Amino acid sequence: MVEPLFIGQGSSPLYLLPQMANRHGLVAGATGTGKTVTLQVMAEAFSRIGVPVFAADIKGDLSGISRPGTESQKLAERMKKLKLGNFSFAGCPVTCWDVLGEQGHPVRATISEMGPLLLGRLLNLNDTQEGVLTLVFKIADDNQLLLLDLKDLQAMLQYVGDHAKDFQTQYGNISAASIGAIQRGLLTIQQQGGEKFFGEPALNLDDLMQTDSQGHGVVNILAADKLNESPKLYATFLLWLLTSLFEQLPEVGDPEKPKLVFFFDEAHLLFSDLPKIIEDKVVQVVRLIRSKGVGVYFVTQNPLDIPQTVLGQLGNRVQHALRAFTPQDQKAVKAAAETFRSNPKLDVGKAITELEVGEALISFLDEQGTPGIVQRALVCPPHSQIGPITAEQRQELIKNSVVAGVYENAVDRESAFEVLRSRAGQNAPATTAPGQAPASPPWYANIPGMSGSGRRGDNLADAMAKSAARAMGSSLGRQIVRGVLGSLLGGSKR
Ligand SMILES: Nc1ncnc2c1ncn2[C@@H]1O[C@H](COP(=O)(O)OP(=O)(O)OP(=O)(O)O)[C@@H](O)[C@H]1O
Ligand SMILES: [Mg+2]
């Protein structure tokens, strides 16, 4: 059995059990009450038992986890209260990531992997527009045009718009207004740095699940301070990451410790005006990802920021202080109190408003998976540094990381944009008439097993092509993966 993780001290010590850590968790509390440090304490503990962690660092204050902490009067007092005898400072192995590629290794996804539903949300599309976007993806698939980056999608939209009439019989009506709306949306995304995010090399999820030479789990920190200015990109990216992990990881049942733990700080950003259909999928993914050995921890100011259906699945809970000034606040306190298994010796509602910084109401799941009786507890100090590292220290981390050099340079291989451009240039028929084979052999025609004319039939060549694509792990493989993801993320919609 993996040793339990000591997180805080109440009337008895409070342990987060590794075998229950995939039953998810919640860290809540008003601003400045200790949520991020609690996250840090938990993340370190996971790292020490060899569990890799992924956390989005919204305020930039989590990077200190990479360096040993230092003595201070306040910490000494806390250690004394907690009777922490042999406490030693230590940092964790850290990999920095950044969607904008500035404060960490660039994280990218292809348009194809993202799929029409998440993109539709990113672009604020209405149902009709999203329907058109879905068709555009389908036409690209049927014509074996790869959608990798923004300009692929832009070229594809233009192509479909210009030939709307030709596609009408097979795909239905494609309105110019909808195409225009999607194109305008893409421009906005481009201006927000989306150009850097969409493309290749796309993030290999295995790179998030590393351990170092001492067997400690790598803590992956996503710089999200700027992303916070475009919350939709942040939310979309994280939802994509979660669903991709779900798609790609094998079932493991109930492991003795998680394969990966995910922390969503400022989780309210994820759920604010989330369309019902995506919310339902998030609920579903959160429920099912447990059996893949992934624990998901939401960190937020107010538990009411998180949909009830998600909240109900968060077994391990740390509630820091809440204010109770307004009726709205009082409602939150009441709601938070009601989620705990009551403790006859503790007035939970009252305690929530009295807690000091770094103090919390804690209830972790026991060996049977039952929530422990809630206790008022002092959270341990982190072994690592509280607060951010310097820009130089960050550069050092980036330079020495296990993925240094892997993602730095974007690759722009032949995909929809290039193919469509060259077709137009050759004055070849610009469209593949629906239902027919592509006009010219596609780029992958020379790959054995890939010369089948598409994904329409269920014939043997087709099946072989699919498995070859999967085996290659190519973008065509991803295209198919996205098809699976697409079915998870909204196939039911229309
Ligand atoms: N467990 C702890 N051990 C030692 N110090 C702590 C602990 N928890 C909180 N603190 C102190 O309190 C400060 C504020 O905590 P923290 O940054 O975690 O708050 P927060 O709830 O994340 O705030 P915000 O909502 O602004 O992000 C920390 O910088 C640290 O000095
Ligand atoms: Mg914080």
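Visitor: What's the ground rule for local features and side-chain atom pairs here?
Guide: It's a predicted model, so to speak: local features need pLDDT of at least 70, side-chain atom pairs count only at pLDDT 80 or more, and totals for chains, interfaces and linings use all residues. Residues are numbered from 1 along each chain as its sequence is written, chains are lettered from A and ligands numbered from 1 in the order in which they are written, and side-chain values use heavy atoms, with hydrogens and water left out.

Visitor: How many salt bridges does the count come to?
Guide: 13, taking a salt bridge as a side-chain nitrogen of Lys or Arg within 4 Å of a carboxyl oxygen of Asp or Glu.

Visitor: Which side chain does lysine 59 meet?
Guide: Glutamate 266, at 3.6 Å, N to O. Lysine 59 is in the loop between β4 and α2 and glutamate 266 in the loop between β8 and α9, so the pair ties together parts 207 residues apart in sequence. Helices (H or I, at least four residues) and strands (E, at least two) are DSSP runs, numbered from the N terminus.

Visitor: Is glutamate 266 buried or exposed?
Guide: Buried, at 14% relative accessibility, whereas lysine 59 is exposed at 57%. Buried means under 20% relative accessible area, exposed over 50%, partly exposed in between (1.4 Å probe, protein chains only).

Visitor: Switching topic: which residues are linked in a network?
Guide: Asp149, Lys151, Asp412 and Glu418, through salt bridges. Lysine 151 pairs with aspartate 149 at 3.0 Å and with glutamate 418 at 3.6 Å.
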